[in-house]
Amino acid sequence: MKSDNNNILAIFNGRNFDNKKIDKLTYYLKNQSVDYTFSSETTRFGDILKGKSGYDGYLIFGGDGSIHETINALFGSNKWISFFPGGTVNCIAGYFKMKRSVSFIDSFLQSNQSQHVDLLKINFYTPNNQFTKYAMGFVAIGHMAGMTIDAEKYRWMPRFIRYPFVGFLSFFRIHKIIIDLQNNNKAIFKKHITSLVINNCSAERFTSLKKADYQDGTFEYLMENNNFFSQVASIYSQYYSLFSKSKWIKSNNELKISFNKPIPVMVDGEIYQTITKMELSICPAAQVIKLPAKK
């Protein structure tokens, strides 16, 4: 139940936090009149938000998947969100340079500014279903999706080992996919690929990426057809990104992609299985986020 005088709710990823891990932070939030709660295996962020819709804004302590759940639960409500790293993958929080320390959050609560961020709208098709999701960061198939799936399998590993390990595994799990792609209602063309990234912001640590602008009403997409060596270059492109930057295509129109077989697709760290077709478009300034005020 919402507190009478508190207008902000903090939600913590329960798989990564409990009260003992963040006692200093929860104590600080109480003193700032911020309510807080924890997600769980059975009560996820979306479930919590259904029952706690009376707040003005939400502080999300989780990874990209937690942000994804929140955006989709709040879409169309005009509620603001802000987010801090606390999950397996924290690309979006990293992109906005958000931190989880008490001092950083204190500075944020005392001085912040609202910004309107573009969202990607994705219509998904499976053999038996159709549904729509919204993304703040990126959509990917191929090695990025595979790395996310593998990372969940190896959650018992320390984080600093897990992603280098699943990245290494991806070098030997290169699969070709045939897609039919149509951009801007032009003719459909067929392409053999090993990975595809559609980017609004934040994927730059995982693929050869020019940084997208999350407020320009456009998105970028990159198709890769990797061998072993270019797969290595793509994953570690924060150090080596010479060959792929020129291949990015910018669009503000609908992008339609069909796959030759059902595949998993990653959306901001969340995996959707058996996807046969996607239709993507940009929703300009669709989500209000709060960021630290510029000094």
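Is cysteine 91 buried or exposed? Cysteine 91 is buried, at a relative accessible area of 5%, where buried means under 20% relative accessible area, exposed over 50% and partly exposed in between, with a 1.4 Å probe and protein chains only.

Before going on, a word on the basis. This is a predicted model, in which local features need pLDDT of at least 70 and side-chain atom pairs count only at pLDDT 80 or more, while totals for chains, interfaces and linings use all residues. Residues are numbered from 1 along each chain as its sequence is written, and side-chain values use heavy atoms, with hydrogens and water left out.

Back to the cysteines. The structure has 0 disulfides, a disulfide being a pair of cysteine sulfur atoms within 2.5 Å. For cysteine 91, the nearest cysteine sulfur belongs to cysteine 201 and lies 9.5 Å away. Cysteine 283 is buried too, at 15% relative accessibility.

Next, asparagine 183. This residue is in strand β8, residues 177–183; strands are DSSP runs of E of at least two residues and helices runs of H or I of at least four, numbered from the N terminus. Asparagine 183 is buried because its relative accessible area is 15%, below the 20% limit. Leaving out residues up to four places away in sequence, asparagine 183 touches Tyr221, Ile249, Ser251, Asn253, Glu254 and Leu255, contact meaning heavy atoms within 4.5 Å. Its side chain makes polar contacts with the side chains of tyrosine 221, at 3.2 Å, and serine 251, at 3.1 Å. A polar contact is a pair of N or O atoms within 3.5 Å; within protein, one must be able to donate a hydrogen and the other to accept it, and residues adjacent in sequence count only if both atoms are side-chain atoms.

Now the helices. How do α1 and α5 lie relative to each other, roughly parallel or roughly antiparallel? The axes of α1, residues 23–31, and α5, residues 102–110, come within 10 Å and cross at roughly 20°. The two are therefore roughly parallel, the class for angles under 35 degrees. Lys24, Leu25 and Tyr28 of α1 meet Val102, Ile105, Asp106, Leu109 and Gln110 of α5.

Last, α3, residues 64–74, is mostly covered, with 9 of its 11 residues buried. Among them are Ile67, His68, Ile71 and Leu74. Just after α3, glycine 76 has a positive phi of about 90°.

How values were computed. Axes fitted to C-alpha atoms, helices over the stretch in contact; angles between N-to-C directions. Parallel < 35°, antiparallel > 145°, perpendicular 65-115°, else oblique.
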